[in-house]
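The report below takes up selected local features of one chain and then turns to its wider architecture and confidence. Please read it alongside the sequence and the structure.

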Amino acid sequence: MAGGKRGGGLLKVAVVFIAILALGVGAFKPLLGAMKLGLDLQGGVYVLLQAQSTPEHAVTGEDMAALERVMRDRVDQLGIAEPVIQREGSDRLIIQLAGVSNPEEAIKMIGKTAMLEFKTSDGQVVVTGKDLKDAKAVIDQQTREPEISLKFNAEGTQKFAEATQKLVNSYGRGDPKRHIAIYLDNQLLTNPHVDEAIPSGEAVIRGGFASFQEAANLAALLRGGALPVPVQIIERRTVGPTLGADSLAKSKTAIITGLVLIALFMLVVYRLPGLVADFSLIIYGLIVLGVLWALKATLTLPGIAGLLLSVGMAVDANVIIYERLKEELRNGKTLRAAVDAGFKRAFTTIFDSNATTVLAAIVLYFLGSGTVRGFAITLSLGIAASMFTAITLTRFLLHLVIGVPAFQRLWLFGVKENQIPVAARGEI
């Protein structure tokens, strides 16, 4: 019966370890292949836009929301899948386009200002692009000339109605001051005369179009590109596909080298518990990659740095546990009691260490932006996974292993026989 139990314990250990190994071999590559890569790993364009306040109008949150919508529309026209467009602070917008084949075209499209303004003869702005709801090219049924039909939103309708009513009341028909000029990027498109007040929120741009296509192109630009406020590109970076591929290859080499060295260190220094820690790290890696894949996260170089740092912290947790385990064995406790005491004594230290790191990651996330946030997210995720694997999985595997008599020799745990109190020898 005793031999049967020993054989059964060894079989359980073999099955569990082989299952973990098979899971790692079978799932790592598909998870890595399905991961989205940032522009620093596959090349692309990074653009930082800043909205400009004017004496008449300070940039608001609504302006930034409208600007974000406009930029997303422009990026969609480029056919780029899943771009990263996010705000930074109160007046900046970050646009990251990974894998673009023509960076210059993308920057040209993004940087097109398309600031639409309707101004009176004294330079007063009546409405802007943010007040525009729709624009489309049509053919005038009487003149057969192309023209652009504009439709304002509720706020724009009110502004336009008030402005046209004021002009009609202030100036006589034919007066040059009874005009509302339309500017696009400070270039005069047309300067139509206001025949009557327009309370409906619908206006028409007539004249100056050589063809219907010209009017249609301008209408498309106004419809999808009229910015609510002036913007300026204050930073732009282009990462070539070759440089991105080179970064990816170096990152893979660094990851593999780092993981192999960590595994060897744990195996040489802590022996059997080190082997258990190596298998726990496989599950740790699968958990992190699986969650990142489920969240549809984009992997960047700072994100990889966060993952590697969390791997180090996962190993550090095992080191703390195993050092406590050695101390308990040297104090004369049995192997099972030493394992339980080691985990119990190490938990507070591990928790405090990880809690302070998570706190730093939270600060980075809320005060940082872009890749800094990516680093904070991967670091926090890695810490959570390392806590789980170190506290639960490693403990489960150690209990499973020490249940096999062949694995109960002290040298397998890095402790020499002469370090154990004489009275406790033979009770391990």
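Asp140 touches Glu145, Glu147 and Arg206, residues up to four places away in sequence being left out of the count, where contact means heavy atoms within 4.5 Å. Asp140 lies in the loop between strand E7 (132-139) and strand E8 (146-152); helices (H or I, at least four residues) and strands (E, at least two) are DSSP runs, numbered from the N terminus. A polar atom of the Asp140 side chain lies 2.7 Å from the backbone nitrogen of Gln142, and a polar contact here is a pair of N or O atoms within 3.5 Å, for which, within protein, one must be able to donate a hydrogen and the other to accept it, while residues adjacent in sequence count only if both atoms are side-chain atoms.

This is a predicted model, in which local features need pLDDT of at least 70 and side-chain atom pairs count only at pLDDT 80 or more, whereas totals for chains, interfaces and linings use all residues. Residues are numbered from 1 along each chain as its sequence is written, and side-chain values use heavy atoms, with hydrogens and water left out.

Ser386 has its place in helix H11 (residues 371-402), and its side chain reaches the backbone oxygen of Ile383 at 2.8 Å. With the same exclusion of residues up to four places away in sequence, Ser386 touches Tyr284, Ser310 and Ala314. The table sets out burial for the two residues described, with buried meaning under 20% relative accessible area, exposed over 50%, and partly exposed in between (1.4 Å probe, protein chains only).

| Residue | Relative accessible area |
|---|---|
| Asp140 | 13%, buried |
| Ser386 | 1%, buried |

Helix H8 (residues 272-294) has 23 residues and spans 33 Å from its first C-alpha to its last, close to the 33 Å expected at 1.5 Å a residue, the expected span being 1.5 Å times one less than the number of residues. H8 is mostly covered, since 17 of its 23 residues are buried, and just after H8, Lys296 takes a positive phi of about 55°.

Four strands form an open sheet in the order E3-E4-E2-E12 with antiparallel pairing, two strands being paired if DSSP finds at least two bridges between them. The edge strands, E3 (84-88) and E12 (231-239), each pair on one side only. Strand E2 (residues 44-51) is joined to E12 by eight bridges, and Gln50 stands opposite Gln232 in E12.

As for confidence, the chain averages a pLDDT of 80, with 87% of the residues scoring at least 70; pLDDT is the predictor's confidence in each residue, from 0 to 100.
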